[in-house]
Amino acid sequence: MTGTTRRTHLTSVHTVAVPVTDQDRALGFYVDVLGFEVRLDGSYGPGARWLEVAPPGAPTTLALVRREDGPSGVDTGIRLATTDAATDHAALRAAGADVDAELIDMGPQVPPMFTFRDPDGNTLVVVQTA
């Protein structure tokens, strides 16, 4: 962007889609295991459901989008922020989530983090930010 000319009116990332095969199963995981809250759960068109969840207070939501024949089990590229990666890692393991066995430790310049997968095999990463 040059000068003061604004090309768009974009202000933030609102929603990121995560492909799932069963929205109710995914909802149970994101709410009951991860502690997310439901932000939107409604229908649009015949038999279609729009479902958004997010950590409490977070501005960006995840849309759990039903995919019958499309890809699920993808590396979403989503990084979730936490204040305590070790505690969250232990809590998710105790809840039976598909979590990597160890925290990722790349030295003092990189915050602790870990990877987990939702019930459809979609990969997300938790990164300690504080």
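An open sheet of 4 strands, with strand order 1-4-3-2 and mixed pairing, is found in this predicted model. Its edge strands, each pairing on one side only, are strand 1 (15-20) and strand 2 (37-43). From one strand to the next, the twist averages 25°. Strands are DSSP runs of E with at least two residues, numbered from the N terminus, and two of them pair if DSSP finds at least two bridges between them.

| Strands | Sense | Bridges | Bridge partners |
|---|---|---|---|
| Strand 1 and strand 4 | parallel | 6 bridges | Val 20 and Arg 66 |
| Strand 3 and strand 4 | antiparallel | 2 bridges | Val 53 and Leu 62 |

Strand 3 spans residues 49-54 and strand 4 spans residues 61-66. In the hairpin that these strands form, 6 residues lie between them, and Gly 57 takes a positive phi near 85°. Strand 4 is mostly covered, with 5 of its 6 residues buried; buried denotes under 20% relative accessible area, exposed over 50%, and partly exposed in between (1.4 Å probe, protein chains only).

Residues are numbered from 1 along each chain as its sequence is written, and side-chain values use heavy atoms, leaving out hydrogens and water. As the model is predicted, local features need pLDDT of at least 70 and side-chain atom pairs count only at pLDDT 80 or more, whereas totals for chains, interfaces and linings use all residues.

Technical notes:
Axes fitted to C-alpha atoms, helices over the stretch in contact; angles between N-to-C directions.
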